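Biologist: Please put the model up, and then we can go through it by question and answer.

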Amino acid sequence: MKGKPLENVKNAVSTALSELVQGDYFNIITFNEELHSFSSCLEKVNEKAIASANDWMNANFVAEGGTDIMHPLNEAMALLSSAHDALPQIFLMTDGSVDDEHDICQTVKNELLSRGSKSPRISTFGLGLYCNHYFLRMVASIGKGHFDAALETGSIESRILKWFRKASNTIVANISIDATGHLNDFEVDSEYIPDISTQCPLCISGKYQGKFPETVVATGYLADMTEISIELKVQHITDMPLDNIFAAQQIALLTAKAWLSADKQLERKVIKLSIENSVLSEYTSMVVLQTNLDAAQKVKQKPKGRTGANEPLRFQLHGLKLGFGDKAATRENLLTAFGDEKPLEMLKIFKKAGGCCSRVADCLCCMCCIKACNRMNDQCAILLAQVCAALSCLGCYECCAEVCCGGSES
């Protein structure tokens with residue numbers, strides 16, 4: 001990784017260091033085939049230490065050699081072994097994939113279990129398309145941390161800072177829910193229930209058997225290790241598609257578990273969820289079907305097994321999956337790949353689109369909308385939603401359709 005992506009990572013880490021407060025300690029470890037540490041011990045936060053860390057990053061953040069993840073993780077956990085009066089945090093960022101990922105997950109799990117409730121939280125961040133995002137998600141799940149990724153160069157700095165703030169603003173740790181005592185079977189998709197942060201809501205998905213209780217008690221520990229207990233009233237929602245809301249998160253977590261365990265039953269479960277919720281997974285594909293009413297009627301009337309000129313055109317979309325890492329590209333130290341370019345298949349779809357709206361579609365594709373929404377703050381998103389709702393209530397959509405598309409024959 002070099003050039004603009006590397007500069008964005010440096011800027012993000014520098015900003016993160018500046019947000020540390022009095023009483024915090026830190027260290028920075030870079031790794032390729034070798035390991036380099038900013039300091040031999042944890043450094044207390046002050047202006048001099050942060051300035052030295054920034055100078056050290058400028059000299060040591062260089063792209064060379066291979067990738068070794070287990071060594072720096074062991075080094076970080078060793079540095080934090082004496083942190084008994086705080087909740088240690090490890091932030092792991094990588095743009096590569098390694099051969100011993102399964103062993104790393106098992107080693108981290110054993111290490112954290114041996115340390116108990118004060119074990120380090122491990123948050124992971126994937127840069128680009130060569131790293132195994134499901135491995136990183138699994139490590140974060142085992143480490144009760146947070147996972148995020150940047151798949152485009154322009155989003156690296158903002159997403160790293162959002163990820164860092166989410167993980168470093170923990171307010172309740174070691175959370176447990178007493179629902180297991182009232183149910184025949186209770187299973188959470190995540191390996192462990194993550195800590196609660198001030199920067200994001202706690203979302204848990206899973207399954208249960210039996211009658212869910214009307215109230216559940218959630219317990220955890222505050223920063224001074226005093227126990228906190230909250231009674232939560234259960235609301236059974238029937239008019240909101242919660243399955244669809246949590247589908248993407250559930251599919252990602254189950255895919256990570258299926259990757260780690262090579263469990264075919266979990267893979268089949270992911271496929272089922274993907275089809276039911278129309279959310280793409282690593283085990284399913286998305287196909288676009290181009291047809292029109294006349295062609296569809298003729299196809300229905302055709303005997304089975306026969307094809308013709310009016311057969312609907314099918315386009316399988318590629319480049320939409322993350323995959324499970326590219327070890328060959330990592331070993332060869334190729335330039336990190338980011339998804340800044342639109343796949344050719346997407347361009348074909350818009351070329352095939354008919355009607356007067358096709359020119360607009362060329363400029364305002366779904367990915368453009370996603371990129372725009374990704375850069376909105378909360379207030380802007382709320383304002384946009386309110387404007388859209390107002391326009392819908394006034395019937396402006398129908399008016400626009402009549403004005404824009406009324407003269408089109410397609």
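Predicted model: local features only at pLDDT ≥ 70, side-chain atom pairs only at ≥ 80, totals over all residues.

Biologist: How far apart are the end C-alpha atoms of helix α2, residues 47-60?

Modeller: Helix α2 has 14 residues, and at 1.5 Å a residue these should span 20 Å. The model agrees with that expectation, as the end C-alpha atoms are apart by 20 Å.

Biologist: Within what arc do the buried residues of α2 fall, seen down the axis?

Modeller: The buried residues of α2 are Ala-49, Ile-50, Ala-53, Trp-56 and Met-57. They line one face of the helix, because seen down the axis of α2 they fall within an arc of 120 degrees.

Biologist: Which exposed residues does the face of α2 turned away from its buried side carry?

Modeller: The buried residues of α2 pack against α1 (4-18), β1 (25-26), β2 (29-31), β3 (35-37) and β4 (43-44). The face turned away from that buried side carries the exposed residues Glu-47, Lys-48, Asp-55, Asn-58 and Ala-59.

Biologist: Why are the buried residues of α4 on the same side of the helix?

Modeller: In α4 the buried residues are Glu-101, Ile-104, Cys-105, Val-108 and Leu-112. They are on the same side of α4 because around the axis they cover an arc of only 100 degrees.

Biologist: Which residues are exposed on the other side of α4?

Modeller: The buried residues of α4 are covered by elements including α3 (70-79), β6 (121-127), α5, α7 and α10 (327-331). On the other side of α4, the exposed residues are Asp-103, Leu-113 and Ser-114.

Biologist: What volume does the largest cavity have?

Modeller: The structure holds one cavity of 30 Å³ or more. The largest cavity has a volume of about 30 Å³.

Biologist: Which helices each supply at least two residues of the lining of the largest cavity?

Modeller: The lining consists of Arg-137, Met-138, Ser-141, Asp-189, Ser-190, Glu-191, Leu-253, Ala-256 and Lys-257. The helices that each supply at least two of the lining residues are α5 (133-142) and α7 (242-261).

Biologist: How many residues of each class are in the lining of the largest cavity?

Modeller: Met-138, Ser-141 and Asp-189 are among the residues of the lining. By class, the count is three nonpolar, two polar and four charged residues.

Terms used: Residues numbered from 1 in each chain as written. Heavy atoms only, no water. 1 Å grid on protein atoms, 1.4 Å probe; cavity = no way out; pocket = protein on both sides within 12 Å on 5 of 7 lines; lining within 4 Å. Points joined across faces, edges and corners; volume = space filled by probe spheres on them. Helix = DSSP H or I, 4+ residues; strand = E, 2+ residues; numbered from the N terminus. Nonpolar A, V, L, I, M, F, W, Y, C, P; charged D, E, K, R; others polar. Buried < 20%, exposed > 50% of the residue type's maximum accessible area, 1.4 Å probe, protein only. Arc of directions from axis to C-beta. Contact = heavy atoms within 4.5 Å. Expected span 1.5 Å × (residues − 1).
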